[in-house]
There are 2 protein chains.
Amino acid sequence: MENLIDNDSEETVVRYIPRNATLYALSEFFSACSDVTRTKIICALAISEMCVTDLSRILEINQTTCSHQLRLLRAADIVKQRRDGKIIYYSLKNRKIEDVLLAGVEFLDL
Amino acid sequence: MENLIDNDSEETVVRYIPRNATLYALSEFFSACSDVTRTKIICALAISEMCVTDLSRILEINQTTCSHQLRLLRAADIVKQRRDGKIIYYSLKNRKIEDVLLAGVEFLDL
DNA sequence: AACTCGTATGCTCAAATGTGCAAATGCGCC
DNA sequence: GGCGCATTTGCACATTTGAGCATACGAGTT
C-alpha cells in the first residue's frame with residue numbers, strides 16, 4: 001500500500017498528535033460540555049453559586065436530573081460543592097471553563 | 001415553595017442564561033469534540049490536510065470508522081473537503097477550532 | 001424521636017452513539 | 001466497458017447516555 005502523503009509530512013503529523021492520555025482527557029472533558037442540561041448548568045453557575053433546588057427550578061429541569069448531571073460535572077472537575085447546613089451550594093471549580101465556552105461561541109460565531 | 005437565592009440574583013441568572021438555541025448549538029458543537037477518534041482527527045488535520053486513507057492509516061483507526069466520523073465533523077462544520085481526482089482531502093474549515101482545543105488543554109492543565 | 005426539607009442514589013427504560021462488515025459509488029486508467 | 005483504488009453508505013450490533021420515579025440519606029427543627 002502506497003502512502004498518499006509524503007514521508008516527511010507523515011512524520012510531522014505523527015510527532016505532533018497528542019498522546020493518547022491527552023486525547024482521552026480532552027474528549028472526556030468535552031463530553032462533559034456536550035449536553036444541553038449541563039451547558040445550562042455551567043452557564044448558570046458562571047453567574048452565581050447556587051443549590052440544586054434553585055438550579056432545577058430556575059433552569060426548569062427535574063431535580064433528580066439536575067443532581068445526576070451535577071455529579072458528572074463534579075467528576076469532570078468542572079464544578080465544586082460546599083455545604084452550609086442542609087443546603088449544598090454548587091459553583092464553578094475553575095473559571096477557565098468560561099474560556100472554553102467562549103472559544104466555542106467564537107467558533108460558532110454566535 | 002421558598003426561593004433559596006434572593007430575587008435579584010435569580011433575575012440576573014435568568015437574564016444571562018443564553019437562549020436555548022445558543023445552548024443547543026454549543027452542546028452540539030462540543031459533542032463533536034467529545035470522542036477520542038474525532039479529537040484525534042481534528043488534531044491531525046490541524047497539522048496537515050489529509051485524505052481518509054492516510055488519516056486512518058496514520059491514526060490507526062478503521063477506514064470506515066474514519067469516514068463516518070469525518071461526516072460528523074463535516075456536519076458540525078469543523079472540517080471541509082476538497083476533491084482532487086479520486087482522492088478527497090480533508091482539512092479544518094476554521095482554525096478557531098484550535099483555540100477551543102487549546103482552551104480545553106488550558107482548563108485541564110495538560 | 002418524629003418530621004421536614006434539600007439532596008443523592010438505585011434502578012429501569014428509551015434513545016443516541018460508535019464501530020466495522022458488506023456493498024455501493026465515484027473517478028481515473030487501460 | 002472493465003478494472004482498481006479511494007471513499008461513502010446501509011445495516012446490525014454492543015455500549016453508553018440522559019431522564020425521572022421511587023427511595024434513601026443527612027441535617028436542622030420541633
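User: Which residues of α2(B) do Leu101(A), Gly104(A), Val105(A), Phe107(A) and Leu108(A) in α6(A) meet?

Analyst: This is a predicted model: local features need pLDDT of at least 70, side-chain atom pairs count only at pLDDT 80 or more, and totals for chains, interfaces and linings use all residues. Residues are numbered from 1 along each chain as its sequence is written, while chains are lettered from A and ligands numbered from 1 in the order in which they are written. Helices (H or I, at least four residues) and strands (E, at least two) are DSSP runs numbered from the N terminus, and two residues are in contact if their C-beta atoms, placed from the backbone, lie within 7 Å. The five residues of α6(A) meet Ala25(B), Leu26(B), Phe29(B) and Phe30(B).

User: How many nonpolar residues does the contact of α6(A) with α2(B) have?

Analyst: Ala, Val, Leu, Ile, Met, Phe, Trp, Tyr, Cys and Pro count as nonpolar, Asp, Glu, Lys and Arg as charged, and the others, Gly among them, as polar. The contact has one polar and no charged residues, and its nonpolar residues number eight.

User: At what angle do the axes of α6(A) and α2(B) cross?

Analyst: Axes are lines fitted to C-alpha atoms, for helices over the stretch in contact, and angles run from 0 to 180 degrees between N-to-C directions. Angles of 65 to 115 degrees count as roughly perpendicular, under 35 as roughly parallel, over 145 as roughly antiparallel and the rest as oblique, so α6(A) and α2(B) are roughly perpendicular. The axes of α6 (residues 96–108) of chain A and α2 (residues 20–32) of chain B come within 10 Å, and the crossing is at roughly 100°.

User: Which element gives the largest share of the side of chain A that touches chain B?

Analyst: The contact takes 49 residues from chain A and 49 residues from chain B. On the side of chain A, the elements that give two or more residues are α1, α2, α3, β1, α4 and α6. The largest share, 11 residues, comes from α6(A).

User: In what order do the three strands of chain A form the open sheet?

Analyst: Two strands pair if DSSP finds at least two bridges between them. The pairing in this sheet is antiparallel, and the order is β1-β3-β2.

User: Why is one side of β1 and one side of β2 of chain A left without a neighbour in the sheet?

Analyst: In the order β1-β3-β2, β1 (50–51) and β2 (79–84) stand at the edges. One side of each is without a neighbour because each has a single partner strand.

User: How many bridges join β2(A) to β3(A)?

Analyst: Strand β3(A) covers residues 87–92 and runs antiparallel to β2(A). Across this pair, Asp84(A) stands opposite Ile87(A).

User: Which element gives the most to the surface near DNA strand C?

Analyst: A residue is near a strand or molecule if its C-beta atom, placed from the backbone, lies within 6 Å of it. Of the 26 residues around DNA strand C, Cys51(A), Val52(A), Thr53(A), Asp35(B) and Asn62(B) come nearest. With six residues, the element that gives the most is α5(A).

User: How many polar residues does the surface near DNA strand D have?

Analyst: Among the 26 residues around DNA strand D, those that come nearest are Asn62(A), Thr64(A), Cys51(B), Thr53(B) and Ser67(B). The surface has seven nonpolar and five charged residues, and its polar residues number 14.
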